[in-house]
Amino acid sequence: MVPKSIFITYEEKPKNIYVNEVYPVKVKIVAAVEQILDIKTYFLDGNGTQILNPSNQWQKINDNTLINTYYYKTVNENAKIPDIQVNIEVDEFSQESEQIKGFSPHIIKLEGDEHYCGVLAKSFEIKKHKSNRFDNESNIVILEINAHMSNLEDFTLPWVIRDGIDFVSYTHPDCKIY
């Protein structure tokens, strides 16, 4: 048996989440190797969960420790958080691999009323708004909304005749829509 030289652990993970909530999962690698040339990350055997930044770069903490924060969105109550596998290239001829099992937080589904816009967020701010009369019975309303740790792309106003998002911009964990 070849001794392991890579260890992967969860630094932060939620215990409880809501359906459609965006939440961070922080992962740490400790590698007992002299140099790391490349790291590839794979998400395996998950379902009902979206990884919003799967290509996020690993940050070096010190010579042997790296950390990464992935943002997840769980889209149903029966979701399974995926396993994470990292492949580390230590030189041009050798590669090492390690995997950590996914986890199963308690998943809660919110039941909103007819005024619920579908968004869960740590912060939510309407930055700009403009409204114009369209005809005798309707108005046109334009909103610029910023949110932190949110599923802002799910924003909807179910009581209006027509709604939609014209623009979405992500810089995780922040989002902006028009």
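**View 1. The largest nonpolar core, in which V27, I29, W58 and I84 touch the most other members among its 25 residues.** A nonpolar core is here a set of buried Ala, Val, Leu, Ile, Met, Phe, Trp, Tyr and Cys residues joined through side-chain atoms within 4.5 Å, where buried means under 20% relative accessible area, exposed over 50%, and partly exposed in between, with a 1.4 Å probe and protein chains only. The elements that give two or more residues to this core are β1 (6-12), β3 (22-31), β7 (65-74) and β8 (83-91), and the largest share, five residues, comes from β3. Helices (H or I, at least four residues) and strands (E, at least two) are DSSP runs, numbered from the N terminus. This is a predicted model, in which local features need pLDDT of at least 70 and side-chain atom pairs count only at pLDDT 80 or more, while totals for chains, interfaces and linings use all residues. Residues are numbered from 1 along each chain as its sequence is written, and side-chain values use heavy atoms, with hydrogens and water left out.

View 2. Leaving aside its neighbours within four places in sequence, V27 is in contact (heavy atoms within 4.5 Å) with I8, T9, Y10, E11, W58, L66, I67, N68, Y70 and I84. A second, separate core of eight residues includes L152, F155, C175 and I177.

**View 3. An open sheet of four strands in the order β11-β12-β14-β13, with antiparallel pairing.** Because β11 (123-133) and β13 (168-171) stand at the edges and each has a single partner strand, one side of each is left without a neighbour in the sheet. Neighbouring strands of this sheet are turned by 10 degrees against each other on average, direction ignored, the axes being lines fitted to C-alpha atoms, for helices over the stretch in contact, and angles running from 0 to 180 degrees between N-to-C directions. Two strands pair if DSSP finds at least two bridges between them; β13 and β14 (residues 174-177) pair in the antiparallel sense over four bridges, and T171 stands opposite D174 in β14.

**View 4. Two buried cysteines, C117 and C175.** The structure holds zero disulfides, a disulfide being a pair of cysteine sulfur atoms within 2.5 Å. The sulfur of C117 is 12 Å from the closest cysteine sulfur, in C175, and this is too far for a bond. The relative accessible area of C117 is 18%, and that of C175 is 4%.

**View 5. The exposed residue S55.** S55 lies in the loop between β5 (49-51) and β6 (59-62), and its relative accessible area is 61%.
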